[in-house]
Amino acid sequence: MAGKRDKPEEIVLKLRQVEVLQGQGSSVADAVRQIGVTQQTYYRWRKEYGGMSRDQLKRLKQLETENQRLRRAVSDLTLDKMVLAEAARGNF
């Protein structure tokens, strides 16, 4: 059974909520339970998104999108190069 996937913006907000709850004296386990995730998920999120602001998160998403576009372009060019090399050898 697949669970719901939180968006990065929601994750950052939930991490902030845990920080606030801990500041109020709650334990990590109680704070994580209140936001509705497991401790393992919380620590994974904290490792990936810990300390990020919304601006940094937007920039991260832009860079990931650009990286994906560039990877696709490189793979297309590599395939074209392989086809041209094959044709140049006369093995078509």
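Trainee: Is Thr41 buried or exposed?
Mentor: The model is predicted, and local features need pLDDT of at least 70, side-chain atom pairs count only at pLDDT 80 or more, and totals for chains, interfaces and linings use all residues. Residues are numbered from 1 along each chain as its sequence is written, and side-chain values use heavy atoms, with hydrogens and water left out. Buried means under 20% relative accessible area, exposed over 50% and partly exposed in between, with a 1.4 Å probe and protein chains only. Thr41 has a relative accessible area of 16%, so Thr41 is buried.

Trainee: Which side chain does the side chain of Thr41 meet in a polar contact?
Mentor: A polar contact is a pair of N or O atoms within 3.5 Å; within protein, one must be able to donate a hydrogen and the other to accept it, and residues adjacent in sequence count only if both atoms are side-chain atoms. Thr41 lies in helix α3. At 2.9 Å, the partner of its side chain is that of Thr38.

Trainee: At what angle do α1 and α3 pack?
Mentor: Helices (H or I, at least four residues) are DSSP runs, numbered from the N terminus. Axes are lines fitted to C-alpha atoms, for helices over the stretch in contact, and angles run from 0 to 180 degrees between N-to-C directions. The axes of α1 (residues 8-23) and α3 (residues 39-49) are 10 Å apart, and the angle is about 110°.

Trainee: What does that angle make α1 relative to α3?
Mentor: Angles of 65 to 115 degrees count as roughly perpendicular, under 35 as roughly parallel, over 145 as roughly antiparallel and the rest as oblique. Relative to α3, α1 is therefore roughly perpendicular.

Trainee: Which residues of α3 meet α1?
Mentor: Contact means heavy atoms within 4.5 Å. From α1 come Pro8, Ile11, Val12, Lys14, Leu15, Val18 and Gln22, and they meet, in α3, Tyr42, Trp45, Arg46 and Tyr49.

Trainee: What is the distance of the polar contact between the side chains of Asp6 and Lys14?
Mentor: Asp6 sits in the segment before α1 and counts as buried, at 16% relative accessibility. Leaving out residues up to four places away in sequence, Asp6 touches Ile11, Lys14 and Trp45. Its side chain makes the polar contact with that of Lys14 at 3.5 Å.

Trainee: How are the C-alpha atoms of Ser26 and Ala85 separated, in Å?
Mentor: Ser26 is in the loop between α1 and α2 (28-35), and counts as partly exposed at 24% relative accessibility. Ser26 and Ala85 are 59 residues apart along the chain, and their C-alpha atoms are separated by 64 Å.

Methods
Helices (H or I, at least four residues) and strands (E, at least two) are DSSP runs, numbered from the N terminus.
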